[in-house]
Every structure is written in C-alpha cells, then in structure tokens.
Amino acid sequence: MRKRMIWNDIMGNRLLSVTTWVFMAASAFLFGLTCFLSVTLLGSVNTLMEEAQTPDFLQMHTGEISEEELTRFAETNPDVRAFQVLRFLNLENGTIFLNGQSLSDSTQDNGVCVQSEKFDFLLDLENQVMEVSGGEIYVPVCYRQEYDLHTGDRVEIGDTSFEIAGFLRDSQMNSKMASSKRFLVSEADYMRLQKKGSEEYLIEFLLENGADVGVFATEYTDAGLPANGPAITRPLILMMNALSDGLMILVILLASFVLVLIAVLCIRFTLLTQLEKDRKEIGMLKAIGISKRDIRRIYFIKFLGLSGLGAVTGLAFAALTEKVVSSHMQELYGPSQHTVIPLLVASTGILLTEGIILFSIRRTLKHIERLSAVEALIGQQERRKIGQNLIVVLVIGLGVFLMILPQNLLSTISSSAFVTYMGIGDADIRMDIRQTDDIAGKTEQMERILSEDTRVKRFVTLQTSTCRITLPDGSSEKMNVEQGDHTIFPVTYAEGAAPRKKGEIALSYLCAEELGMSVGDTLALSAKDGEYEYRICGIYSDITNGGKTAKAAVLPTEGELMWSICYVSLEDQVEKESWILEYKDIASDQGISAQTVDIQEYVEDTYGQTVREVRMAARVAILMAILVIVVVVILFTRLFIARDRYDISLQKAIGIAARVIRTSYIVYYIPVVFIGIVAGVLSGNLLGEYVAGILLKSLGATGFHFQIAPWIVCGCIPGFTVAAVLCAILIGLSEVKYIKAYECCVGKE
C-alpha cells in the first residue's frame, strides 16, 4: 500500500516531482564535476611530478660554479637523497622559429637542454622518459596547440634546423605561469648550439622524506653556495602547475554552493505547498490511526527516491562533462594514476550534497507533527503569498549573483589594471635584461638610450638581487629584493605604501604571511660591513614568482645582480608595436640581451589559459543560472495558478478574458523581478568582490577590487534575466487557458 501511495503521489504531482529531481540532479552535477576536476588535476600533476622525479629544491644560477663544493655540501647534508647540476642554454626568442613561426613575441625564456640522468626527467606524452637523437628536438607540449605543431615539423634555431620528434611534459616548467620553457636536444646538438645562447645552471636536490625544504634552503644559503638566480621548491612548482585550472574549479565550486542553496529553498517551499495541499489527506490518515512517523516516512521515501535518481543523473552528466573540460589538463599533465579515486570522491561529494537537501526536507516534514487531525480536516492555513514572493526574489537574486561573480572575476583578470596584482606596475612596456655577463653595464647602457628617446614619457629600472635577511627571532632567510624607484609605476598595496628611502622595505602578501610580519615590523638585511635594519613600510600584491618577493628603494650594499627590468610608458601618439620592434633591433645591435614585450601581451601569455577557463566557467554559470531561474519561475507560476484556480474561474465566469488575467500576473511579477535583480547585482558586486578576494588572497593578491564591465553587469545580465523570467512566466501562464469558467460553481449547487 505504501508503494502505491508514493507512486500515486508522484504521478499526481508531476511538476513538483520533476522540479525536485531537476534541482537534485543539477546540484549533484556541479558538485560532482568539481570533485572530478579537482581530483583529476591534482592526480595528474602529482603523477607527472612523481614520474619525472621533480626536485624538492632547485637553485637557478648564472655564472661560474664549483661542482666539487656543491658535491661536498650534498654529501655532508643528511637531508639530501640525490643531487645534480643541469645545464640550460637560454636562447634569444627571435632566433627560434617553430614551423616558420617566430617566438620573438613570446614572453617566456626559451632554451634547450639535454635529458637528465638522475631525476627531473623530461617526459613524452605517455609520461615516459624519452631519448633524443641527433637532429631531433622535443617541444614543450604547451606550444603544440598554440603554434599548431605536429610531429615532423621543423624547428629552426639560428641557422640550425631540427625535426620535431615529439612533445614533452616538463614537471617544472609545464605551466605558462612558469617563466621558462625547455626544449630537449641531444648532447651533440647542445654543444653545437652552446655559442648561440647564455648558459644557466639548475642546481637540484632530492631530499629525504620528512625533510623541511625551508630549513634546507636556509642551510644552502648559509653555506655560501651559488645563488645568482631564483630558488624554487617543490610546493611552489605544484602550486604553479595547479593554479590556472584551479581558479576555474573554484568558480564552479562557488556555483555549486549557490545552486544547493537555491535547491534547498525551492524544495522546502514546494514541500510546504504540497503539505498545505494534502492537509485533508494527512488528517484522514491521522484520524484512522496512522502515526505521524509513518506519514512522515511516506513523504521522505518519495524524496529519497528522487534524490537517488538525481544523484545518479548528476554523477553521469558530471563524468561525461569532465572528459571534455579536463582535456586541456590531460594534455599538459597526462592522465592520473588513479582511475577509481575520482569516482569515489565525486560520489562522496554528491552524497554530501544530497544529504544536505534531504536533511532540509526532513526538518520541513516536522510540520506534520505539529498538525492535529482535527486541524488538518477543518483548518485552512493562510495563503503563502509573501513566502512565495520571497523565494522567487531570492532565486532571481542568487541567479544574478551566480552570473555576475565569475563575469566580474573574468573582467578583472582580463583588465590592464590586473598587472598591479602581479607585482608589476601599470606601464606600457616591459624590458627584461638578464642572462648576460655584464647585466649592470648593459642596464646602464639601456637607461641612457631610453633617457634620450623623446617618445618615452617616463621609465624606471628595477634591479633584483639576492639578499640575506635576519628576522627578530634570529633566523635568517634568502630573499629576492627588487631595488629602484617603486613610486613611478606602483603596484597595489593592501597596507602601507611603496619604499621611498633607505631603511624601508615592502613585502609581498604571501612573504609577509610566511614570515609573520606586518607594516611597522623590522628585519635586518646583511651586507659585507654588517647588518642594516629595515622597517616594513608596505604589503603589496604579487602572484608571480610564487608570490614571495620584496621591494626596496635602496639596498645597504650592491649585491650580486640577477636581472634588471625596465618599465616604460610611451607618449600617447607613439605606436607601441613599432616602438617594440625598433628596440628589439637596438638591443641586438648594442649586444644587450633584452626581452621587450607589451605588458598586456605579457599578462595574456602568462594568464591566457586561466582567462580562457574562467571565461568558460562564466558562460556555464550564466547558462545554469538562467536554467534555474526559468525552472523556478515556471514552477511558482504554476503554483500561483493552482492556488488561484477558483478566482481565475470566477473571473472567466464574469467575462474577463484570459489575456487580461495573464497580463495581471505579469504586472504582479514586475516588483518581484526588479527586487531580485537589484539584490543580485548589489550582492554580486559587493559580496562577490569579498568572496573573489578570499580566493585570490590565497594566491598572493590582496587589496582586491573588481574591474566591472557596466554594460555586462548592468545591461546584458539583467536583460537576460528579464527575458528568461518573461519566457518562464508565459510558459507557466499557459495553464490559464485550461481553467474553465464553470469550475467556480462545481460543488456550490
């Protein structure tokens, strides 16, 4: 009997049942997709790093080294499991042509290397360690799609030609957020190319399990070993690999939370509506002695079945969608070793989602216990107009919020001002001078050329050196400090301001967090003639170089210069592209190894993939939000019609046309839709900025503010919403034509 009652209830309330199933399936789909993508991304990255045996600590160095000294340090340090020194030949981008396409506009540092013998292997697309023959070259996989390359195409480096033997995955430099890219050639070909570039050393260490990388880095610095270049750790490599796709996953996760909230609100209200409709039946069941618990169980079993169906549907769609969405991850990082774990995690996430919805349903069913048999048979609750209106306002508001947040995030990371969150000033052009024997002299030479150019509005040179800092607790660390005038092209400061004089230093947000320091604290910078006290004057955003950098106006002593960067702003009438091409020729003629790029091209090259994936997530969010709004408005319009069926029949009986009745409902919806859209726009811009700020803060961007595209946020999205609501209302109001004028007289004889 119970099964028949449940089945009759489902068939008798098809709209409510289908709507409940759709919400449960949609919530399961988004949460399942988030779990699939998260586990796939982390699994693929970890698998690649394990197969490649990524080093735990890597020190890049330009200049002479003593391998005997490094070997002695490695052999005497108990934390070192393996050690090696690899060579990396930096090449001028203008000398590299991929199937006829020049890399002169690339913002990456491109170079060649040979296969490692111990660890840090370069892998093929099967994640196997490859060997390369003479005349062959393996190209970074991130260039395959960008330059439409295929096996057998030609790569020219100067006057030397190679055949592409395949594409490689580099566990260190796979991500576009890594500033360098390695091409693999044979030992003989490397020696032939050696005079065409500048050589850099990668000093790499594998550490014992449980070893503290931070402590080891300090020991390396204290030993006075080669350190003319950035130091990179395994956690930083993992973060750079996962960052671009991770931001898209965070957007989908946020959409999942919003959709679950909408589902809970709507299912709760539809259930209350059904309980209101079934009052007499519930009263009859109680009158004949059926307990409240058994009545509640009948309803709950129905929703449990719909939840199970929704979970299976959502899981199936998530599994199918994940294959498409994660194709880029699979290309960059390869397949994960785990095939069952993503399914288990996704299933667990979906069960948690459905559990939240079922918990809300169970609490709603408590209303049955507060309803006596007599009240159910003869009572009639007050109509829930206010409650229905409030739910529609909330759903429209949450839907608009769901559309606006990823769109604002997309507008922000695509804007020209976003460079100030990357530790870069908002200039027009960036010139990197590095990998040369006389960086200081070449930098001064470029400064003289720029100062004599009347087309240059203003410029600044910032020089990065490695400094040793001593914290108040006596511990010391090595830090890359950028020296120069930081007021000309300032970055975004969350606290304080840029350093202006000697004795002041600004720290990036992540660096300050790691050191446990804030504005006003002091630290000591070591120099040959002692230590100098520096006060922290500002905390700024930086999501480059692992987000751990520092800026000073003047350093206590001239340390070993690692690289220089010139930021340039041109006069308004100057055409940037021709200026950049001219200065590439000037730098080449003067023997200056300078990479000159448009700042916006630099951002696009570094974060282009992230922007594309957030754009895709924003589009998915808009489609999901529109779908949810349409379904909810149709549902509640049908509920309104069912609630007002007697009144509509009476209006028809006295001669009011169906068109007039439908128009009255549309007018009734106007303030509801208006309030919902306004609430969504305000929350999307204000609360959304706070939520997005929390996400970006974990990456090193603090003091975050949205760059809003008004025509989208205040025009397109509200327009889409109004159109969707109008279509949904018209679909819902189609029920009016089936209501007959005589229905109001039935039972009144």
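Accessible areas here come from the Shrake-Rupley method with a 1.4 Å probe, and for residues only the protein chains shown count as cover. This is a predicted model, in which local features need pLDDT of at least 70 and side-chain atom pairs count only at pLDDT 80 or more, while totals for chains, interfaces and linings use all residues. Residues are numbered from 1 along each chain as its sequence is written, and side-chain values use heavy atoms, with hydrogens and water left out.

**View 1. The whole chain.** The chain exposes about 32600 Å², of which carbon and sulfur atoms supply 57%. Of its 749 residues, 54% count as buried (buried means under 20% relative accessible area, exposed over 50%, partly exposed in between, with a 1.4 Å probe and protein chains only). There are 21 helices and 21 strands (DSSP runs numbered from the N terminus: helices are H or I with at least four residues, strands are E with at least two). Among contacts (heavy atoms within 4.5 Å) between residues at least 6 apart in sequence, 83% join residues at least 24 apart.

**View 2. Salt bridge between Glu-187 and Arg-87.** The structure holds 13 salt bridges (a side-chain nitrogen of Lys or Arg within 4 Å of a carboxyl oxygen of Asp or Glu). In one of them, the side chains of Glu-187 and Arg-87 meet at 2.9 Å, N to O. Glu-187 lies in helix 5 (residues 187-193) and Arg-87 in strand 2 (residues 80-91), so the pair ties together parts that are 100 residues apart in sequence. Glu-187 is partly exposed, with a relative accessible area of 39%; Arg-87 is also partly exposed, at 27%.

View 3. Arg-430 pairs with Asp-432 in a salt bridge, with the closest N and O atoms 2.8 Å apart. Both of these residues are buried. Asp-453 forms a salt bridge with Arg-455, where the closest N and O atoms are 3.1 Å apart. Asp-453 is buried, at 11% relative accessible area, whereas Arg-455 is partly exposed, at 27%.

**View 4. A salt-bridge network.** Salt bridges link Asp-120, Asp-170 and Arg-182 in a network.

**View 5. Surroundings of Glu-146.** Glu-146 is placed in helix 4 (residues 142-146). The residue is partly exposed, with a relative accessible area of 40%. Leaving aside neighbours within four places in sequence, Glu-146 is in contact with Lys-176 and Asp-605.
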